[in-house]
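Please read them with the sequence and structure open beside you.

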Amino acid sequence: MGVNMGFHDKMLELIHKLKAKLQPPLDTFFFWNSGSEAVEAAVKVARAATRRQNIVAVQGGFHGRTFGAMALTSSKPIYSQGFHPLMPGVHRAPFPMYSQMGLPRDTPASVMIDRCIQALEDLFHQAVDPSDVAMVLIEPVLGEGGYCPAPGDYIKRVAELCQKHGILLALDEIQSGFGRTGTLFNYEQQGVVPDILVFAKGIANGMPLSGIVSRQEIMDRLAPGSMGGTYSGNIVACAA
């Protein structure tokens, strides 16, 4: 059900409420305080579960300002300016957004998606072997990079590519989660259940709470005590 170092009744109540709203097999939780911490937890889970090191992040994504999350962020250079070298093992893939790709505004979504999938395949052929990639991380609604929803079947096609190579797909729904796009989570509109779902912000209405949820067989690959925090999943935030 979860991997936090300790439990309390409000955390267990929250887990049961969330499990009732999420699609199987998302059933195992870990709670943190901020979005950045949850993103870095997803990196740790992916690396531990796959025994691989590299992460592919989508161009234009915002994932946080702490050191690992900052390396995954490419929405603005100000977040990493003056802090290099960043966490190694991070590669970029394009997001199907016409302005990012230097295409006309009326470019069909199918054309942009085809180009992005080809670019991801080229990355695997030219820069990093997919057998060395632990996770692909995507905001299903690109946040600071342009507030642009992933069009068409882009995420579904990325998921298929991940499944082909044994790569975990993580969706960062820190900004898009908890009803902000019409469903509880945006992945419900994509026809895809991610391997790892990252959430924060809207879950506790301003209280410091974030988390990740994945499948039990993935989370069980973490060594006991490998993740934890003094205030992670604190009782006041879970009650909120």
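1. Lys 201 sits in the loop between β8 and β9, where helices (H or I, at least four residues) and strands (E, at least two) are DSSP runs numbered from the N terminus. Its phi is near 45°, a positive value in a residue other than glycine, and at 44% relative accessibility Lys 201 counts as partly exposed; buried means under 20% relative accessible area, exposed over 50%, and partly exposed in between, with a 1.4 Å probe and protein chains only.

2. On the basis of these notes: this is a predicted model, in which local features need pLDDT of at least 70 and side-chain atom pairs count only at pLDDT 80 or more, while totals for chains, interfaces and linings use all residues. Residues are numbered from 1 along each chain as its sequence is written, and side-chain values use heavy atoms, with hydrogens and water left out.

3. Phe 178 also has a positive phi, of about 60°, although it is not a glycine. Phe 178 is found in the loop between β7 (168-172) and α7 (187-190) and is partly exposed, with a relative accessible area of 22%.

4. Two cis peptide bonds deserve a look. One joins Pro 24 and Pro 25, with omega about 10°, and Pro 25 belongs to the loop between α1 (9-21) and β1 (28-32). Another joins His 84 and Pro 85, with omega about 0°, and Pro 85 lies in the loop between α3 (67-72) and β3 (90-93).

5. How far apart are the end C-alpha atoms of helix α2 (residues 35-50)? They are 23 Å apart, which agrees with the 22 Å that its 16 residues should span at 1.5 Å a residue, the expected span being 1.5 Å times one less than the number of residues. Since 13 of those 16 residues are buried, α2 is largely enclosed by the rest of the structure. Just after α2, Arg 51 takes a positive phi of about 60°.

6. The structure holds 0 disulfides, a disulfide being a pair of cysteine sulfur atoms within 2.5 Å. For Cys 148, the nearest cysteine sulfur, that of Cys 116, is 10 Å away.
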